[in-house]
Amino acid sequence: MPSRPQLASRLDFAALAALAVCFPGLAVLLPLSVVPVTLAAGLLALVAEVLSGERLSRPGLAVGASALWLALWALLSALWALDPAHSLETWARLLPTVAAGGFLVLHAGRQPAEQRRRIAGWLLAGFAVAVALLAFEGASGRAINLLFAQLVDRVPDGGGFPLNRMNRGAVAVAILVWPAAAALAARLPVTRRPAVLLLPLATIPLLWFFASASAFLACAVALVAALLCLPAPRLARGILLALVAVLLLAMPQIAKEISSRGLAEEESLAFSFRHRVFIWNFAAEAIDERPLIGWGLDASRDLAKPGSPRFDGTHGALPLHPHNAALQVRLELGWVGLLLGGLLLLLVLSGIRRGPPLATALDAGLACSILVVGLLAFGVWQLHWLVVPLVAAALMRLTAVPGTTVPGASQSSSES
């Protein structure tokens with residue numbers, strides 16, 4: 001009969017290895033399934049920590065306090081939301097999902113070095129499956145996409161239905177490529193580790209097959225950021241933090257400036273970008289109406305009413321969310337929410353590793369890929385979107401490049 005610590009260790013490895021090998025493929029093929037998978041993995045990790053008898057993982061005081069105050073302010077915002085019941089429902093869905101993902105990030109740092117090396121192999125296998133699925137989809141003319149459309153949406157066989165199911169998967173691959181690169185680096189000799197940046201480079205043309213420009217741009221911009229980190233990691237970290245702070249504070253003004261240049265009417269530009277310019281300007285103007293406290297959690301979906309400006313006959317001014325996390329937080333939670341959320345984000349980004357330049361570069365690549373998608377694509381409260389960066393961050397900590405110390409890891413897990 002194994003002891004409780006032995007049982008905890010076995011349960012822990014099984015849960016984390018299963019997450020590493022299954023998550024990438026599920027994020028591509030069944031993107032909404034990543035939410036229950038993350039909840040289950042977080043629960044198993046919690047059970048393993050309880051069985052181990054050690055102190056439970058917890059965030060640092062500053063991060064924990066910022067997250068708590070942001071959660072309380074989001075809950076309070078339901079009082080003045082356009083649809084209080086919906087805001088409360090959104091908050092109730094967010095809390096366990098973000099808590100599970102955040103706990104996995106903290107828990108990952110406790111894993112011993114040998115366990116991290118084994119999990120790195122499972123992650124590489126899972127990422128290979130995800131890439132294979134995307135490659136097949138691109139080469140087959142979206143066969144999986146159309147099959148699901150016929151089964152679920154009952155699309156006629158001959159219809160050229162422009163369904164973009166795989167775009168969520170493309171975004172997931174653009175983000176998960178960074179922990180996969182770290183996993184590969186952990187298995188290479190020191191002199192060959194910088195070559196792992198060829199992995200995101202090779203992913204960029206793969207993402208070109210899909211309609212999601214956000215995924216393509218996320219991978220490309222993140223690769224540039226990672227390369228800039230190699231010669232000057234400290235400077236690159238500082239520039240990243242400063243740029244994020246500026247974007248958070250100035251995004252409404254940026255949105256208005258872009259709109260004032262007539263880009264929404266410039267037909268030579270991509271339709272999705274022109275529509276976003278229109279959406280961002282509408283959101284920026286709505287921000288001015290309630291600058292301090294905002295319109296309430298997830299109220300963006302109710303702001304565009306009959307009679308509101310429309311981009312064209314089919315597309316409205318604000319379809320569900322602003323497609324920009326900085327604008328959405330400011331729009332719904334006001335200056336208070338922006339400052340609390342911005343502080344939390346900057347505290348998290350300040351945790352980018354200060355170890356070897358490659359470790360910093362991979363962390364920066366992951367951070368930039370998430371930020372680019374956050375500023376261009378999903379609604380900030382969409383659960384399937386929130387789960388991907390949280391699990392990616394956990395996997396990055398699980399596959400730390402040898403020669404670095406994972407923040408929060410026990411002494412036994414240090415590979416320095």
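Student: How do you know at what angle the axes of helix H10 and helix H11 cross, and within what distance they come?

Tutor: In this predicted model, local features need pLDDT of at least 70, side-chain atom pairs count only at pLDDT 80 or more, and totals for chains, interfaces and linings use all residues. Residues are numbered from 1 along each chain as its sequence is written, and side-chain values use heavy atoms, without hydrogens and water. With axes fitted as lines to C-alpha atoms, for helices over the stretch in contact, and angles running from 0 to 180 degrees between N-to-C directions, H10 (residues 233-260) and H11 (residues 271-289) come within 8 Å and cross at roughly 130°.

Student: Why is H10 called oblique to H11?

Tutor: Angles under 35 degrees count as roughly parallel, over 145 as roughly antiparallel, 65 to 115 as roughly perpendicular and the rest as oblique; the axes cross at roughly 130°, and therefore H10 is oblique to H11.

Student: Which residues of H10 and H11 meet?

Tutor: Taking contact as heavy atoms within 4.5 Å, the residues of H10 that meet H11 include Pro252, Ala255 and Ile258, and those on the H11 side include Val277, Trp280 and Ala284. By class, this contact of H10 with H11 has seven nonpolar, two polar and three charged residues.

Student: What makes Ile254 count as buried, partly exposed or exposed?

Tutor: Buried means under 20% relative accessible area, exposed over 50%, and partly exposed in between, with a 1.4 Å probe and protein chains only; Ile254, which is found in helix H10, has 29% relative accessibility and therefore counts as partly exposed.

How values were computed
Helix = DSSP H or I, 4+ residues; strand = E, 2+ residues; numbered from the N terminus. Nonpolar A, V, L, I, M, F, W, Y, C, P; charged D, E, K, R; others polar.
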